[in-house]
Amino acid sequence: MLTRRTFFGTALAAGAMGISGAGCMMSRPGAGGVFEPAREVPVAGDADVVVAGGGPAGIAAAVAAARQGARVILLESKGCVGGIWTNGLLGCLIGFNYSAFDREILERLDRYRARHLRRPVNDHHCFIYEPEYLKLACEELLTEAGVRVRLGTSVVAAVKDGRNLTAVITESKSGREAWTARKFVDCTGDGDLAARAGCGYDVGGAEETDPEQPASLIGLFTIPDDRGILKFVANERSNYDSLGNRVIDSKIELQDEFRRIGVNPSYGHPTIFRINRNLFILMANHEYDVPVDDADAISAATLRAHREVVAMVEALAKDACRDVAKPGAWKDVRLVATADQIYHRRARRIHGRYAMKVEDCFEGMMCPDAVATCRFGIDVHAVSTHMNKTMPAGSPFKKHVKPYQIPLRACQAADLDNLWMAGRCISGDFFTQASYRITGTAVEMGYNVGRAIACK
């Protein structure tokens with residue numbers, strides 16, 4: 001076993017390994033950088049598999065590897081696991097109920113009465129869920145599998161020996177620490193671990209000058225009496241006939257309602273979902289062209305998004321109070337929460353042993369080393385408010401695909417031999433990522449990547 005003394009005494013001190021992103025040099029010559037003194041970094045844990053990122057893909061990868069007998073450590077930067085599902089308040093499981101692990105998650109949600117159909121009739125692959133209960137379900141799965149979970153711990157650097165990762169360096173309330181393993185999986189969504197390890201990647205639109213997909217901030221609101229807003233709710237049964245066909249287009253109705261009160265959401269197709277009797281998800285914010293690796297831009301976009309979501313709900317509440325004798329449909333509506341930050345649709349696309357191409361989606365590619373089958377179409381959100389308003393139905397930004405498979409090769413880094421990826425940061429082009437980025441695909445991908453590498 002690699003010990004702390006042999007690892008740091010011989011490797012780091014002797015310079016036998018390269019450290020990527022360690023922050024021990026000036027950021028730019030003459031830019032007022034600060035030299036960080038050399039120091040010993042304690043090894044906080046050693047495992048067979050270290051998974052970076054505890055979102056949908058990371059949870060699945062960690063559980064699968066642990067069930068194969070591997071010792072697994074899951075590193076998550078936030079205060080809980082679940083990623084966009086929990087911190088992001090997504091509220092929707094899309095492309096779900098296709099794999100055995102999907103069904104394990106759904107069964108646990110059912111124990112807590114925390115799952116509802118996204119459409120009231122004939123839609124058994126899309127669900128609305130209650131985020132707090134999904135958080136607990138994920139924690140239970142990880143704990144029962146024997147995964148060591150470390151929360152509030154961000155990957156800040158990577159240690160390499162030739163073409164192998166030997167450790168990741170993290171920062172947390174415990175300070176700077178190292179985590180050693182034989183294999184690593186980047187499930188950070190944005191490809192943070194691979195980038196810090198020096199792997200090649202692509203980011204951005206289909207062309208170099210294209211802007212990227214927008215990020216979003218989701219809000220939750222309550223309303224004591226929902227009878228006046230039913231036509232605005234996407235999963236409201238009364239908006240569908242007995243065959244599951246839409247008879248009221250809730251998105252159009254909500255657009256008209258915002259227009260009536262003089263609100264212009266940054267997302268041109270605002271949507272409301274019911275979570276339970278009086279609690280609703282509001283998806284009405286888009287933040288455009290926000291890089292995944294620019295903390296200042298992300299911070300500014302998050303502050304803008306907070307202001308917009310609050311302003312939208314307050315405008316609805318104010319409209320309801322215009323006539324005291326006859327209050328409007330939104331009487332006593334109240335925002336109760338927003339996600340902890342904006343969440344991206346974009347990501348670094350890490351270079352892998354195979355790069356997914358848009359032709360793979362349209363041709364329905366099958367492969368012997370498949371780790372997931374994606375059935376979700378290519379979904380590119382508009383890249384500006386103007387485009388959101390003017391994008392016609394049937395635009396080239398949304399395309400159906402044939403069910404296609406994602407090979408393990410697309411999930412193994414090209415530049416390192418013991419680093420894999422799962423989730424939206426795998427190897428592929430811009431349009432294909434716009435299909436496989438959904439969390440249902442990420443879960444199946446993560447589970448099968450974790451199982452495959454634990455068996456090697």
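Reply: Two strands are taken to pair if DSSP finds at least two bridges between them. In this predicted model, 4 strands meet that description as an open sheet, arranged in the order β14-β15-β13-β16 with antiparallel pairing. The edge positions belong to β14 (271-276) and β16 (334-338); each has a single partner strand, so one side of each is left without a neighbour in the sheet. From one strand to the next, the twist averages 30°. As a general point, strands of a sheet pair through backbone hydrogen bonds, in either a parallel or an antiparallel sense.

Helix α7 (residues 295-320) lies across β13 (219-222), β15 and β16, and its direction makes an angle of about 160° with β16.

The loop between α6 (250-260) and β14 contains S266. Because its relative accessible area is 11%, below the 20% limit, S266 is classed as buried. The side chain of S266 forms a polar contact of 2.7 Å with the side chain of E308.

N418 is located in the loop between β22 (404-407) and β23 (419-421), and its relative accessibility of 5% is why N418 counts as buried. Polar atoms of the N418 side chain lie 2.8 Å from the backbone nitrogen of L165 and 2.9 Å from the backbone oxygen of R182. When neighbours within four places in sequence are set aside, the contacts of N418 are R163, N164, L165, R182, K183 and F184.

Of its 456 residues, 55% are buried. Among contacts with a separation of 6 or more, 72% join residues 24 or more positions apart. The protein exposes about 19800 Å², of which carbon and sulfur atoms supply 52%.

Note on methods
Residues are numbered from 1 along each chain as its sequence is written. This is a predicted model: local features need pLDDT of at least 70, side-chain atom pairs count only at pLDDT 80 or more; totals for chains, interfaces and linings use all residues. Side-chain values use heavy atoms; hydrogens and water are left out. Helices (H or I, at least four residues) and strands (E, at least two) are DSSP runs, numbered from the N terminus. Buried means under 20% relative accessible area, exposed over 50%, partly exposed in between (1.4 Å probe, protein chains only). A polar contact is a pair of N or O atoms within 3.5 Å; within protein, one must be able to donate a hydrogen and the other to accept it, and residues adjacent in sequence count only if both atoms are side-chain atoms. Contact means heavy atoms within 4.5 Å. Accessible areas come from the Shrake-Rupley method with a 1.4 Å probe; for residues, only the protein chains shown count as cover. Axes are lines fitted to C-alpha atoms, for helices over the stretch in contact, and angles run from 0 to 180 degrees between N-to-C directions.
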